[in-house]
Amino acid sequence: MIITKDLCKVFRTEEVETSALHDVNLHIERGEFAAIMGPSGCGKSTLLNIIGLLDNPSNGNYIFNNTDVSKKSEKQRTHFRKGNIGFIFQSFNLIDELTVFENVELPLIYMGLTTSKRKAKVNEVLERMNISHRAKHYPQQLSGGQQQRVAIARAVVTSPKLILADEPTGNLDSSNGTEVMELLKELNQSGTTVVMVTHSVRDSEYADRVIHLFDGKVVSENKHKQIKRELIKEKL
Ligand SMILES: Nc1ncnc2c1ncn2[C@@H]1O[C@H](COP(=O)(O)OP(=O)(O)OP(=O)(O)O)[C@@H](O)[C@H]1O
């Protein structure tokens, strides 16, 4: 589903040039749950933004669903994203002026669905995220965990094939964090590919694979089962 070939990203301002990604080669299969980890500034969000077609690489190729999208225009990228990719952010990114229902409905309006189809889909997904009793509330009237459940509802309402999550539990306490991770696991088990940036080792354990970045380069890719085997070996 996701193939990157020698992917590079350079940010240029008048004074400085920052190489944020350097020859990143990745292959993420459909249905996989991958975590991206690494120290602050190593390029995790930059990589997620390129994978999510929010930004283009400076060099190299990005093949999404068998199409080379490395050099697509902003308009073409928006078209590719629509209905295909759902985003979840650390700070929820809900619109304060809209109710829970209206926030979740928004992507369906962009997709041109009729009012009745939108209503059915939004209600179904709010039910699934266990937040339908707050449909008429505004984001500021909800707890952090509830806001993130709404953000997940908004991300999945179009049934995207790919969910990208940037530190989804970063602003949550551990019990709300666990709930969010369980929801992501459920989505993955029902066939959605998940790519998540995280600083949390505990969250990374939900993933099939952990991709470690350092200074814009992939330094290791561990399958969790392999990590666990190595830990057991160490203990013996
Ligand atoms: N728009 C930009 N303009 C210039 N430099 C940028 C821009 N975005 C990111 N960078 C630089 O690129 C590098 C990678 O940034 P990025 O945000 O991808 O790191 P990160 O691993 O997600 O960090 P964190 O864990 O702190 O969120 C950093 O050195 C950062 O300063």
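Visitor: Which strand and which helix each supply at least two residues of the shell around the ligand?

Guide: Strand 2 (17-28) and helix 1 (44-51) do. Helices (H or I, at least four residues) and strands (E, at least two) are DSSP runs, numbered from the N terminus. Before we go on, please note that this is a predicted model: local features need pLDDT of at least 70, side-chain atom pairs count only at pLDDT 80 or more, and totals for chains, interfaces and linings use all residues. Residues are numbered from 1 along each chain as its sequence is written.

Visitor: What are the residues around the ligand?

Guide: They are F11, T18, A20, G38, S40, G41, C42, G43, K44, S45 and T46. A residue is near a molecule if its C-beta atom, placed from the backbone, lies within 6 Å of it. Helix 1 gives the most to this shell, with three residues.

Visitor: How do the residues of the shell divide into nonpolar, polar and charged?

Guide: Three are nonpolar, seven polar and one charged. Here Ala, Val, Leu, Ile, Met, Phe, Trp, Tyr, Cys and Pro count as nonpolar, Asp, Glu, Lys and Arg as charged, and the others, Gly among them, as polar.

Visitor: What is the mean pLDDT of the protein, and which elements have the lowest and the highest?

Guide: The mean is 92, and 94% of the residues reach 70 or more; pLDDT is the predictor's confidence in each residue, from 0 to 100. Where pLDDT is low, the predicted coordinates should not be read in detail. For the complex, the predictor gives an ipTM of 0.97 and a pTM of 0.89.

Visitor: Why is T4 called buried?

Guide: Because 24 other C-beta atoms lie within 10 Å of its own. A residue is buried if 20 or more do so, exposed if 12 or fewer, and partly exposed in between, with C-beta atoms placed from the backbone. T4 sits in strand 1 (residues 2-12). Leaving aside neighbours within four places in sequence, T4 is in contact with V24, N25, L26, G60 and Y62; contact means that the two C-beta atoms, placed from the backbone, lie within 7 Å. The C-alpha atoms of T4 and G60 are separated by 7.5 Å, although the two are 56 residues apart along the chain.

Visitor: And why does R81 count as partly exposed?

Guide: R81 has 18 C-beta neighbours inside 10 Å, so it falls in the middle class. R81 belongs to helix 2 (residues 74-81). From C-alpha to C-alpha, R81 and G52 are 7.3 Å apart in space, and they are 29 residues apart in sequence.

Visitor: How do you know that P168 is buried?

Guide: Its count is 28 C-beta neighbours inside 10 Å, so P168 is buried. P168 lies in the loop between strand 7 (162-166) and helix 6 (174-189). Beyond four places in sequence, its contacts are I88, Q90, Q148, V180, L184 and M196.

Visitor: How do you know that the span of helix 4 agrees with what it should be?

Guide: The expected span of a helix is 1.5 Å times one less than its number of residues. Helix 4 (residues 115-128) has 14 residues and should span 20 Å; its end C-alpha atoms are 20 Å apart, so the two agree.

Visitor: Which residues of helix 4 are buried, and what puts them on the same side?

Guide: The buried ones are R118, V122, V125 and L126. They cover an arc of only 100° around the axis, which puts them on the same side of helix 4; the arc is that of the directions from the helix axis to the C-beta atoms. Exposed residues S116, K117 and A120 are on the face turned away from that buried side. Helix 3 (100-110) and helix 5 (144-156) are included in what covers the buried residues.

Visitor: What is the phi of L53, and is L53 buried or exposed?

Guide: L53 has a positive phi of about 60° although it is not a glycine. With 23 C-beta neighbours inside 10 Å, L53 counts as buried. L53 is found in the loop between helix 1 and strand 4 (59-64).

Visitor: Where is D215, and why is D215 called partly exposed?

Guide: D215 is in the loop between strand 9 (209-214) and strand 10 (217-223). It has 14 other C-beta atoms within 10 Å, so D215 is partly exposed. D215 also has a positive phi, about 50°, although it is not a glycine.
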